[in-house]
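Colleague: I would like to learn how to read the chain arrangement and a few single residues in a model like this. Please take it feature by feature.

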Protein chains: 4
Amino acid sequence: MAKQPNPARRSQRSRQAILTAARELVSEVGYAKLTIEAIATRAGVGKQTIYRWWPSKGAVVLDAFLALSESGPDQDMALPDTGDLKADLRVVMRATVAEFADPAFEGPIRALNTEIINDPALAAQYREKLAGPVDEAKKARLRSAQRAGQLPPDADLDLALELLYGPFYQRWLLRSGPLTPQYADALVDAFLKAMRPDIGGSAH
Amino acid sequence: MAKQPNPARRSQRSRQAILTAARELVSEVGYAKLTIEAIATRAGVGKQTIYRWWPSKGAVVLDAFLALSESGPDQDMALPDTGDLKADLRVVMRATVAEFADPAFEGPIRALNTEIINDPALAAQYREKLAGPVDEAKKARLRSAQRAGQLPPDADLDLALELLYGPFYQRWLLRSGPLTPQYADALVDAFLKAMRPDIGGSAH
Amino acid sequence: MAKQPNPARRSQRSRQAILTAARELVSEVGYAKLTIEAIATRAGVGKQTIYRWWPSKGAVVLDAFLALSESGPDQDMALPDTGDLKADLRVVMRATVAEFADPAFEGPIRALNTEIINDPALAAQYREKLAGPVDEAKKARLRSAQRAGQLPPDADLDLALELLYGPFYQRWLLRSGPLTPQYADALVDAFLKAMRPDIGGSAH
Amino acid sequence: MAKQPNPARRSQRSRQAILTAARELVSEVGYAKLTIEAIATRAGVGKQTIYRWWPSKGAVVLDAFLALSESGPDQDMALPDTGDLKADLRVVMRATVAEFADPAFEGPIRALNTEIINDPALAAQYREKLAGPVDEAKKARLRSAQRAGQLPPDADLDLALELLYGPFYQRWLLRSGPLTPQYADALVDAFLKAMRPDIGGSAH
DNA sequence: ACGTAAACGAGACGGTACGTCAAGTCTTTCT
DNA sequence: AGAAAGACTTGACGTACCGTCTCGTTTACGT
């Protein structure tokens, strides 16, 4: 049985250096060309210190980005809620679109997604730490809309989020079209129509 | 300047052996553990013959799958068109969902998607050779629906396809939910509602 | 600037395995067909471990033979000195001739000489580590003969060694004649005559 | 049984181009870095044309140098014979020393010697075509000296040549000393002394 | 405050695969 | 049919990293 290291004795100095080095390097050379050796060298750290605390390259990079969000203990990821659902969603989607169109942001996120796609364990961690809370915030806004009668009370919110973000995610990942504010608006419009209750007389 | 090899002299024997070996190996060991050396060995081919004709591992694998579709000169990828759009789309989406849930199929496709996400050049080739024709077939069915008055004549069909497939693609890639026939139906329903024209009095 | 490995951490186990494997292989397949990869495999060692410590194939082989002589810290390479120069030299030359006629010995030595001829750096190392001490022992015997009045006191000993060994070296390298005890004796005789002082009246 | 090519149909154009290219390249990059491919390319010739007519790289290079001497049908390689053996040998040895000290000359010759040392077949060809005739010319001069009473009539001329050239060959190959006119003279002196008959009173 | 056990930096190790190079063979095309 | 052109299989090259495994050297408890 392998001996587990004692987290209490973990060097925070080394941990921070590794995460910072990982973030820098993934930006400089891209995820595919990122190596553990390079991270260790850049961080001034022994390779073993990385292998001791992380199971894979992907885990280090994920942690590197998680660490960014750790600054504020419970950072405000709540969506705007003015009462106008369409307007609020447009604001959010336009911001999202802009964020993913930013070259500095997209490289690492794209790399992370690549890993997540192929590594279920990493995906679970990602969902729990990053995507989960964000999705919860989105669903909170949708629930508010349900209470306001702007969405059907029995709507499947997980499916709803997929309808809203799935098309965008696909376009972004596959680079199959431009990411513009107009596109964001079109997605919101389509989403709201899709969420409307069935109309009497929608013959077959 | 590097000298280009002459495609006219290319050995079809070697080409087929390489593509077959690539297909087999990607199924056996997965894309990540697939190596050029293993392909060459399995194919009974020199490594240089692979490097001569393909720029990357991803290109070989893509070609390996493209070659599968080359059998029929214009294989029938047309969607069913019974006149009942909803029924036809349900058939198609249920089949798609089943296909992507099949473990034998999903491994290589997932691997290919990973590569495409990070390699724009590969993505372009993929779009041109595989996704393009398929999308065209789908749009043909939607145009037929437009002519039948089941979809607005001015609908953006690229966006339409994204609305229909994007949610599914995201759920599949991120494994964020089950891929069931019910899910397929729900996507079709939401899609059709999203495509309906605006209704008078949709006070935002 | 390339980082130098730390010799203090060098694995003596690996070093010995490499030198032994090199010696074996050079005997089995000859120097020309000797490869670093084969040495590494035979020694159960990573290629990098060879590249880390030796600059070239020749250096490994040279070291392999040097290591043989390292057994005794200062092995006795002194030549016999019975007082009878001609008899002593005959013993030495006959032994040398026999040694170089031995097929087991000649292969590696021939290989080493080939390398030395084309690689001045290797030659310098060879001279310093192997040939130098041996030559010094030979010159010691000749100096003893000078003190005994058997050789002129002002004789150029480097030239003398060349006169004695050069003909033999040439015949061995080029395989231009048989290496027999008689030949050894003839060389000694010629050498001694060549070293005699000029005789009065040797009209040019 | 391998089919032999028909020498009658051999292209002299290609042969000359190959030999010239070989000579040029061995001067430019040295023998070790000389490749068949480079010769073929430089000569504007298919690789097979080289493999068809020569068994090895060494054979091509040897032929390349032999071809140089083929210009004159029986080129004058006779040694000077003024009647003064010592003077004649000094002239010859000084010329030899100068020739081998010339950097332009020494590279290819050194390379050729390396090959010859390890390839008995090549050595035989070399001896027959190049060294043989030259040695014969040298022995002719020594025979003339025998007739003139300057050398013992029963002297072993093969051994004699070895005594004269062996030391020089060794010094040149191993770079173990300077190649000067004084050195040439010293060799001639030592050689002549070694060839003198035994003197009465050479105790034991 | 001190001794000790841990985590640490450093980096050598046995390996795998890389992408390149040249060898020698085989095939196609041209003359 | 010989020769050019050049694609082919083979296999060694030297490099880059992998993940594991010592080495001393801090570091920070628990006495």
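Colleague: How far apart do the closest C-alpha atoms of chain B and chain C lie?

Modeller: This is a predicted model. The closest C-alpha atoms of chain B and chain C lie 17 Å apart, and no contact joins the two chains. For chain B and chain D the corresponding distance is 13 Å, again with no contact.

Colleague: How many residues does each side bring to the contact of chain B and chain A?

Modeller: Chain B brings 32 residues and chain A brings 33 residues. The size of an interface is often given as the accessible area lost when the parts come together. Here chain B and chain A bury about 3300 Å² between them, and 57% of that is on carbon and sulfur atoms. On the side of chain B, the residues that lose the most area to chain A are I117(B), E162(B) and L174(B), which together account for 19% of what that side buries.

Colleague: Which elements of chain B supply at least two residues of the side that touches chain A?

Modeller: They are α6 (103–118), α7 (120–147), α8 (157–174) and α9 (181–195) of chain B. The largest share comes from α8(B), with eleven residues. By residue class, the side of chain B that touches chain A divides into 17 nonpolar, seven polar and eight charged.

Colleague: What rotation superposes chain B on chain A?

Modeller: Two copies of a chain are related by a rotation about an axis and a shift along it. For chain B on chain A, the rotation is 179° with 0.0 Å of shift along its axis, and the RMSD is 0.2 Å. Of the interface residues of chain B, 97% are also interface residues in chain A, so the copies meet through the same surface.

Colleague: Now the other pair. What rotation superposes chain D on chain C?

Modeller: A rotation of 179° with 0.1 Å of shift along its axis does it, at an RMSD of 0.2 Å. The two copies are thus related as by a two-fold rotation axis. The same surface serves both copies, as 97% of the contact residues of chain D recur in chain C.

Colleague: How many residues of chain D are in contact with chain C, and what area is buried?

Modeller: In this pair, 34 residues of chain D are in contact with 33 residues of chain C. The area buried between chain D and chain C is about 3300 Å², of which carbon and sulfur atoms give 57%. In chain D, I117(D), E162(D) and L174(D) lose the most area to chain C, together 19% of what that side buries.

Colleague: How many salt bridges does the interface of chain D and chain C hold?

Modeller: Two salt bridges are found across the interface of chain D and chain C. One joins the side chains of E162(C) and R171(D) at 2.7 Å, N to O. Residue pairs in polar contact, both at pLDDT 80 or more, number 16 across the interface of chain D and chain C. With eleven residues, α8(D) gives the most to the side of chain D that touches chain C. That side divides into 17 nonpolar, seven polar and ten charged residues.

Colleague: Let us turn to single residues. Is T49(A) buried or exposed?

Modeller: Buried means under 20% relative accessible area. T49(A) has 18%, so T49(A) is buried. T49(A) is found in helix α3 (residues 47–53) of chain A. The side chains of T49(A) and R52(A) are joined by a polar contact of 3.5 Å. Beyond its neighbours within four places in sequence, T49(A) is in contact with S14(A), I18(A) and W54(A).

Colleague: Where does D198(A) lie, and with which residues is D198(A) in contact?

Modeller: D198(A) lies in the segment after α9 (181–195) of chain A. D198(A) is exposed, with a relative accessible area of 60%. Leaving aside neighbours within four places in sequence, D198(A) is in contact with K193(B) and R196(B).

Technical notes: Residues numbered from 1 in each chain as written. Chains lettered and ligands numbered in written order. Predicted model: local features only at pLDDT ≥ 70, side-chain atom pairs only at ≥ 80, totals over all residues. Heavy atoms only, no water. Least-squares fit on C-alpha atoms with pLDDT ≥ 70 in both. Contact = heavy atoms within 4.5 Å. Helix = DSSP H or I, 4+ residues; strand = E, 2+ residues; numbered from the N terminus. Buried < 20%, exposed > 50% of the residue type's maximum accessible area, 1.4 Å probe, protein only. Polar contact = N/O pair within 3.5 Å; in protein donor to acceptor, adjacent residues only side chain to side chain. Buried area = accessible area lost by both parts, 1.4 Å probe. Nonpolar A, V, L, I, M, F, W, Y, C, P; charged D, E, K, R; others polar. Salt bridge = Lys/Arg side-chain N within 4 Å of Asp/Glu carboxyl O.
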